[in-house]
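Subject: Structure for your files

Hello,

Here is the structure you were expecting, with the sequence alongside. My notes on helix packing and salt bridges follow below.

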Amino acid sequence: MSLTSALNTAQAIFRNTGEQTSVISTNIANDGNANYVRRAAVVTNTIYGASTVTTERAQQMALLRQLTSATSASSAQDTLLNGLTTLSNALGGNDYELSPSTYLAELQTSLEAFAASPGEYTLAATVVTDAQDVANSLNNAAATVQKLRVDADAEINTQVVELNRLLAEFQIVNDAVVKANAIGADPSDALDTRDTLLKDVSEIIGVDASTRANGDMVLYTTEGTTLFETVPRSVTFTRTLAYDATVTGNSIYVDGIAIQAGEGGNTTADGTLGALLQLRDDIAPTFQTQLDEVARGLIEAFAETDPLGVAPDMPGIFTWSGGTALTSGVLEPGLAGTITVSTAVIASSGGDPLLLRDGGINGAAYVWNTGNASGYTTLLARYSDALDADRAFDASADLKTSMSVMTFASGSIGWLEELRSSATTASDNKVALYERSFQSYSSETGVNLDEELSLLLDVEQSYKASAKLVSTIDEMLQAVLAMAG
């Protein structure tokens, strides 16, 4: 080998080790960065015999797809579970001690105690107080349901804005990847950014990614709608600022196609948007319907009747704003939010609790105990029986259509708890799947500090060998010059 060839070899080694050191140093600097994919500096030989360093990125597209799928499923499940927990907490948490069902049981107990001693004023007052607790519980639960819908709607709006922002950024980095590949430049940094955006998008909406020529990426929703192809598709949503039991929220559209809500406690939704739609448009309205039907059952059970059968039935101890008559078996939307106890039996409002025993909440025509007998129990027995009697309920409540109001109220809590239990189990499973997917992806694409430091030592040895070669060449050149002199 000539001295010139030896110098060229040393120069190539210095250049290559410099590039290798730069790549390894970048890897080390990004140890622990979940959005960084490890680079490898690979020395290759050209057809002309020269050695060069190329940077290879440890991309694992299959594992990335698995990670984004697990991310979508986990974020959707957590969103659903948080909403169900909000409803559960409003009813007292695990024991549901603030639920209408719990207060209704207390009302029945106090009503039976009053029926056993119908002359006791304090027992009558206790029944009225327990009735107020039931009404307040229904009011509060209905308010929580509608607040949940308002909050879900607001979060949908926030998520849609964020999704459009992410897609706009995705276009910029996708163009950078395509351009870099077209001119032979290293697209690694742009690919890292694009993968990070893809993971962020997958938290909001389920996404499938496909790569085309020059690294161009196309995104579809898991429902098959194009989300990004060269340019982002428009994601649109019109917010609804106020909700009640009669209001239906607006749909979310991707490129003009509506996103579907998730179903079930183990939700089928991918991403937060589908789960938020499920909470707003399915779970919350169904629970509202159940509350409304409990309220209707109570009003019917305690309705006042004319002992002569002449005057129409009227609301008794339980009444509501907006009407005086209900249709049996037919839903009255929003009833749980307006049910209240008649002031005619509230002592602090000038009423008389003993009207519950005697009748007459709606005037003299409805008095049954005309002799004012202290032992009169006919009406109290009727009310107690009415609480346990089967009655018709609306099918949209997602419970049996014929049962007692007591059973229906308990069934409503069972419905919610079953959903929450299923959602909790599914959340644990989906979080575990996400963690396994993340670990698999990270082990293949993340930085291993021990490996990088070992590689750095290898490069250092190459550098030292090259430096030794240069030193040897220098000594040989000095010898040649000395002989020439």
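Helix α2 passes helix α4 in a right-handed crossing (a crossing is right-handed if the near helix is turned clockwise from the far one by less than a right angle, and left-handed if anticlockwise). The contact is made by G83, T86, L87 and A90 on the α2 side and by T144, V145 and L148 on the α4 side, where contact means heavy atoms within 4.5 Å. Sorted by class, this contact has 4 nonpolar, 3 polar and no charged residues. Nonpolar here covers Ala, Val, Leu, Ile, Met, Phe, Trp, Tyr, Cys and Pro; charged covers Asp, Glu, Lys and Arg; the others, Gly among them, are polar.

The model is predicted: local features need pLDDT of at least 70, and side-chain atom pairs count only at pLDDT 80 or more, while totals for chains, interfaces and linings use all residues. Residues are numbered from 1 along each chain as its sequence is written, and side-chain values use heavy atoms, with hydrogens and water left out.

Two packed helices are described by the angle between their axes and the distance between the axes. For α2 (residues 61–90) and α4, the angle is about 160 degrees and the axes are 10 Å apart. That makes α2 roughly antiparallel to α4. Axes are lines fitted to C-alpha atoms, for helices over the stretch in contact, and angles run from 0 to 180 degrees between N-to-C directions. Angles over 145 degrees count as roughly antiparallel, under 35 as roughly parallel, 65 to 115 as roughly perpendicular, and the rest as oblique.

Helix α2 also packs with α10: their axes come within 8 Å and cross at roughly 155 degrees, so these helices too are roughly antiparallel to each other. This crossing is left-handed. The contact of α2 with α10 divides into 17 nonpolar, 10 polar and 4 charged residues.

On to the charged side chains. Side chains of opposite charge can pair when their charged atoms come close. A search of the whole structure finds 14 salt bridges, each a side-chain nitrogen of Lys or Arg within 4 Å of a carboxyl oxygen of Asp or Glu.

One of them joins R165 to E162, with the closest N and O atoms 2.6 Å apart. Both residues lie in helix α4 (residues 121–183), 3 residues apart, so about one helical turn separates them. R165 is partly exposed at 36% relative accessibility, and E162 is partly exposed at 27%. Buried means under 20% relative accessible area, exposed over 50%, and partly exposed in between (1.4 Å probe, protein chains only).

R420 and E417 form a salt bridge at 3.2 Å between the closest N and O atoms. They are 3 residues apart in helix α10 (residues 405–445), again about one helical turn. R420 is buried at 12%, whereas E417 is partly exposed at 27%.

R280 and D281 also meet in a salt bridge, 2.6 Å from N to O. R280 is buried at 1% relative accessibility, while D281 is partly exposed at 34%.

Of the 485 residues, 45% are buried. Among contacts between residues at least 6 apart in sequence, 66% join residues at least 24 apart.

Regards

Conventions. Helices (H or I, at least four residues) and strands (E, at least two) are DSSP runs, numbered from the N terminus.
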